[in-house]
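Please keep the sequence and the model in view while reading.

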Amino acid sequence: MPALDYLDELEARTIFILREAFSCVSPLAMLWSIGKDSTALLWMVRKAFLGEVPFPVVLLDTGMEFEEVYAFRDRLVAEWNLPVANEACPPESTVDQTLPPAARHAARKTAGLRALIAREGYRGIILGIRRDEQAIRAKERIFSPRNADGSWDPRSQPPELWEYYAYDVPDGAHVRIHPLLHWTELDIWRYTLREQIPYVPLYLAKAGKRFRSLGESNITFPIASNADSLEKIIAELEVTRDPERAGRAMDSESEDAFERLRTTGYM
Amino acid sequence: MKNVRIVMVGDVDAGKSTILGRLLVDLGLVTPAKLEELETSSSKRGVPIEYSFLLDAFQVERDQAITLDLTRIWVRTPDAEFVFVDAPGHRELIRNLLSGASEVDAAVMVVAADEGITLQTRRQALFLRWFGFANVLVAINKLDLAEDPRAAYNARAAEVTAFLDQLGMHPRAIVPVAARSGDGIVRPGPLTMWWTGPTLLDALGTLERAAVRTDGPLRFVVQDVYRRDGKRLIAGRVESGTLERGEFLTFWPLQTGARVLTIHQWPREVERAVAGSSVALELDARVFVDRGAVGSRATDAPELGHAAQTTVVWLGADPVRAGEALRMRLGTREIPVTLQKIEEAIDPDTLEPRETQELRSGDVGVVSLVARELIAADTHLAESSVGRFVLLRAGTIVAGGRIDAVVGHARGEGATNVVAMTSSVERRERTARNGHAGGVFWLTGLPSSGKSTVAMAVQRMLFERGRQVYVLDGDTLRTSLNVDLGFSDDDRSENVRRTAAVAGVFADAGFIVICALISPFAADRELARSAYPNAFHEIYVSCDLVTAEGRDVKGHYGRARRGELPHFTGVSSPYEVPQQPELLVDTASHRIEESASLLLEYIESHVRSR
């Protein structure tokens, strides 16, 4: 028998993680940013649970997403019969005003997530982040416990041996579950192509520009590219040296911007 | 293109992050903008360009020039994709190294030429051996600090070879490098001109991804049971071997078995699933299977026992001593265990075993564990998750371990927890200790309907799962407690009342009590319920009279038909069929094993403590 190929292996591991989360952490919800990663993850949720999505899928909505993103959401909710919930994020005036401007926009999502968890009492939140996206995320665990205020203490993370994860958190606290942590940007696109998973058309180049990473329309910028198909995106990524989140203003405003966002609870 | 995962080990200042930073820069994977940012961060802290900053993303890491937690770096060459896991060398952060090393194919050990093998390096090498690493590369770094790089390399290489030899480890290559200037990393440099062997990059190119064996013994680890369209689907992963549709699977440790009807890999059904696949199985019989079970072929099974000899790495902040009760996660099962004895610890200085009373954080030791339940484990199957485990203390992972041997089918002494049976113990405390709640499971049905047979089978299974369980059998009680009672309607009622009262006491004491009594009258059964109303379950063991009479285990039906038994239920006395039993077990159309599985599943779902 031939062994699993590389994408099969990544997928099987993600499904294993999702099933562990569903068996051991309750109540549970998943964040869906409607970008390529969490949409591919949603596809694997359906695989893990045989066509069903057995927990709520939440969009942290700042009202500032691209129009194409909202349209894509509505289409997929109907096609995949998703148990979707929209969580309106609090206004920017309520977040830490010492953060740089773009990071302040992003911090609205942290506040929205905190409100959601407090209201619904979720003990587990599934997120589609990856380690290769960003140097701080590279230090994440697959099951990452958060304090009651949602904050992350990266200096005292629990051991994560083989596939034994930290499920138990004190009351009021929660665990972030990251089933895509071991995937790369290239893996996601190769998998999206292979599985024919739908995606927001903004990723494809139009008039020499495309979005490589999707955030709020006011703090996300397209990159120069002629990749107008998934095949071309993959070819482009195979040779690029530019970081994926180059178009995300919040990451690079100051040296510690992303670290500050994440330790206070950003995704 | 191959994809290989590699962990970096070495002492805190050996230069692991610098080697990776240099690899990225010299392979041209860092943009000019990023290099500029690096120069800015470096000069801000008054240091020459610091390549490790490419990895060390936290402010405090850059300020103190150390790596705090695991990070991952992706490196793409024309022939391969590498994922490097960079683990910090601090003793107190050993959990990070272990976390990193548990998911990779190979290790690169970095030894600084000016320091040689430190205690920290010895300790880390012990972990690598403990993990069973076959692929280890060594980089002798900081040759730029040596007066004679070649002599420095030769001396350190001899030292490393001798040391690893003691551990039974054989590095694939020992390469000379100077990470700060880049010599020997991607290409040779002035400091390594004398070297005729591979650069670090060349040596990395010889590593392969660890393949899981699709031809090994079959292991299917159960994660959960889902219900879809009235079907039960056993969700889990094939960890070793290949699972074929149609074959017979035995699930351990309960040894229930059934044939695989379909293998679901939504949206498809497949004929087979190889090692690594996450699938869901539909079985041809409704046998008891739940999270934690391990499926195998009957002939190629994991080992069974109540105790295990193990090698562990202790990670807990506080030390551990013999006698401590912990929880073990083995595959997808969580089992209460007691650490019975610390046989020895390995001294990282001498690599010799030494006697000890306790294991401290970072110690590797050989310990025996005794379980309260039957465990199924693998001792020589690297890819099986029931060959390795973690220990938990108060819900936190405090050790990683490998099963070296499974011992003793009999229950060990160390697992016995004695509970003082006084009113000063609350029910919830008993539940917490037992890991399950008490309850009364009242089996009612015609004579020879199978009540006692099912009750005994389920008692055995529950006992093997570490549950406190007892069967109160109607016939048996009539020889002791109820010896003064006959079969008149009044005596039958009193029989039920007394049995229910005893059952209630047992249940209150935390036991799962299975009562097997004909109890023909609905009113009596309602009375029985009132003896333990918060957890009483009426279970109708259903069997038509013809079938029951055909069995006539005790010859009673024959005697009743001949008029010798005047009040025999079903023949000369009525049986009131339960109108709304909590569970119906049909023994006429199901095998005993299936009926027992159904009841077991029902009981387990109703005594669960969380």
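Two residues are taken to be in contact if their C-beta atoms, placed from the backbone, lie within 7 Å. By this criterion, 48 residues of chain B are in contact with 41 residues of chain A. The model is a predicted one, and the contacts described here are computed from it.

On chain B, the side that touches chain A draws at least two residues from each of several elements, including H4, strand S2 (71-76), strand S8 (231-240) and strand S24 (396-407). The largest share comes from S7(B), with four residues. By class, this side of chain B comprises 21 nonpolar, 18 polar and nine charged residues.

Helix H4 of chain B, one of the elements that supply residues to that side, also packs against another helix. H4 (residues 94-101) of chain B meets helix H5 (residues 119-131) of chain B at an angle of about 35°, and the two axes are 11 Å apart. The crossing of H4(B) and H5(B) is right-handed. H4(B) contributes B:Leu97, B:Leu98 and B:Ala101 to the contact, while H5(B) contributes B:Gln124, B:Phe127, B:Leu128 and B:Phe131. Six of these residues are nonpolar, one is polar and none is charged.

Which residues have the most contacts inside the largest nonpolar core? They are B:Ile6, B:Ala107, B:Val513 and B:Cys515, in a core of 241 residues. Helix H1 (residues 6-24) of chain A gives the most to this core, namely nine residues.

S27(B) belongs to an open sheet of five strands with parallel pairing, arranged in the order S26-S27-S25-S28-S29 (chain B). The edge strands, S26 and strand S29 (583-586) of chain B, each pair on one side only. On average, neighbouring strands of the sheet are turned by 20° against each other, direction ignored.

The pairings can be followed strand by strand. Strand S26 (residues 469-473) of chain B is joined to S27(B) in the parallel sense over five bridges, and B:Asp473 has B:Ala516 as its bridge partner in S27(B). Five bridges also connect strand S25 (residues 439-444) of chain B with S27(B), again in parallel; here B:Val440 is partnered by B:Val513. S25(B) is in turn joined to strand S28 (residues 536-542) of chain B by five bridges, and these two strands run parallel. In that pairing, the bridge partner of B:Phe441 is B:His537.

Helix H9 (residues 451-464) of chain B lies across S25, S26, S27, S28 and S29 of chain B and runs at about 165° to S26(B). Helix H11 (residues 489-508) of chain B packs on the sheet as well, touching S25, S26 and S27 of chain B, and its direction makes about 165° with that of S27(B).

Note on methods. Residues are numbered from 1 along each chain as its sequence is written. Chains are lettered from A and ligands numbered from 1 in the order in which they are written. This is a predicted model: local features need pLDDT of at least 70, side-chain atom pairs count only at pLDDT 80 or more; totals for chains, interfaces and linings use all residues. A nonpolar core is a set of buried Ala, Val, Leu, Ile, Met, Phe, Trp, Tyr and Cys residues joined through C-beta atoms within 7 Å. A residue is buried if 20 or more other C-beta atoms lie within 10 Å of its own, exposed if 12 or fewer, and partly exposed in between; C-beta atoms are placed from the backbone. Axes are lines fitted to C-alpha atoms, for helices over the stretch in contact, and angles run from 0 to 180 degrees between N-to-C directions. A crossing is left-handed if the near helix is turned anticlockwise from the far one by less than a right angle, and right-handed if clockwise. Ala, Val, Leu, Ile, Met, Phe, Trp, Tyr, Cys and Pro count as nonpolar, Asp, Glu, Lys and Arg as charged, and the others, Gly among them, as polar. Two strands pair if DSSP finds at least two bridges between them.
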